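I am opening a notebook page for a structure that I want to read slowly, from the whole chain down to single residues. The sequence and the model go in first, and my entries come after them.

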Amino acid sequence: MPEPSRAQLIHIDVDRRLGHEWDEWNGKPLPNQGNYDSPPSLFFTWSAGTLVALLAAATLLIFLLAPRLALLHPAVPRTLWTALAVVAAGAVLWWALLALAFAFRRPLLPERLAERGPFLGLMGLTSRLAARFGRRDWVENASVKVYNRLALMRKRKVGEGELLVLIPRCLSKATLDGVLGIAGKYDVPVFVATRGQLARRVIRERRPRAVVAVACERDMVSGLHDVAGKIPVLGLTMTLPAGPCKDALLDLPKLEEWVRSYLV
Ligand code: SF4
């Protein structure tokens, strides 16, 4: 591994402070040693459930309000039912195109209608539903996999100095060394972002044209929601064998592959 001499590491914070995403952690070992690897189909199952739940809630609301709305004007309930039918048809069509794009690795939707648009909202809502059933981390792992494949399909390239690697403060020493080695090899700056807000500030100030971000599933989904709409991002999730926010491991060959995919 070459010396990471040219990599710029901007901040290191090695304290064991939990990210707020893990506030409710009870201190027990994480399931499967903090490895939430899940098939992408899990996202499609849960996101379909989320859409059905949203449409069912809207249906119930209109059903309950219809008698009162009809007093305003008899056409109001009918208009709302028609609008709901149009929205439902649009949502089903969009979701189906997303699934087909994923399955056949074809960019069937423009970025603003897929991974840099409503997909980010659906990912967040799906996480909330999964959290209610104690499946958040697994579903988020699957969501990030789907997001990454959609993003990689664009085959985006950036010039020298236009790529940034964002890492959290919780990487193990060996993993951090590996990240710096890769960053040095490709001359890419690395930032340690201790909180989501800092990550956003780094992006605002450095203005990269693409980012490879590393985080746990929880931090990744909220980070993608905030940033991916503004700038192309690939998100690499980690394994947490020592619990949240400490000694995290990641797939270094994949990190290198993604850095190369933006540069070469
Ligand atoms: S990325 Fe690391 S430090 Fe940040 S919340 Fe996740 S486990 Fe904690």
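**Entry 1, the whole chain.** I note at the start that this is a predicted model. I looked up the secondary structure and found 8 helices and 4 strands, which follow one another along the sequence in the pattern α-α-α-α-β-α-β-α-β-α-β-α. I then looked up the dimensions, and the C-alpha atoms fill a box of roughly 75 × 45 × 35 Å along the principal axes. Of the 264 residues in the chain, 35% are buried.

**Entry 2, the domains.** I looked up the domain assignment, which lists domain 1 as 20-36 + 157-263 and domain 2 as 41-140. The C-alpha centres of domain 1 and domain 2 are 29 Å apart, and where they meet, 8 residues of domain 1 are in contact with 10 residues of domain 2. I sorted the domain 1 side of this contact by class and wrote down 4 nonpolar, 2 polar and 2 charged residues.

I checked the length of helix α3 (residues 118-132), whose 15 residues should span 21 Å at 1.5 Å a residue, and its end C-alpha atoms are 22 Å apart, which agrees. Which residues of α3 are buried? I found F119, L120, L122, M123, T126, S127 and A130. Seen down the axis of α3, these buried residues fall within an arc of 160°, so they line one face of the helix. I reminded myself that an α-helix has 3.6 residues a turn, so residues three or four places apart point the same way. On the other side of α3, I found G121, R128 and R132 exposed. The buried residues of α3 pack against α1 (41-72), α2 (75-104), α4 and α7 (217-227). Last, I noted that α3 is followed by G134, which has a positive phi near 70°.

Methods
Residues are numbered from 1 along each chain as its sequence is written. This is a predicted model: local features need pLDDT of at least 70, side-chain atom pairs count only at pLDDT 80 or more; totals for chains, interfaces and linings use all residues. Helices (H or I, at least four residues) and strands (E, at least two) are DSSP runs, numbered from the N terminus. A residue is buried if 20 or more other C-beta atoms lie within 10 Å of its own, exposed if 12 or fewer, and partly exposed in between; C-beta atoms are placed from the backbone. Domain bounds come from an automatic or database domain assignment. Two residues are in contact if their C-beta atoms, placed from the backbone, lie within 7 Å. Ala, Val, Leu, Ile, Met, Phe, Trp, Tyr, Cys and Pro count as nonpolar, Asp, Glu, Lys and Arg as charged, and the others, Gly among them, as polar. The expected span of a helix is 1.5 Å times one less than its number of residues. The arc is that of the directions from the helix axis to the C-beta atoms.
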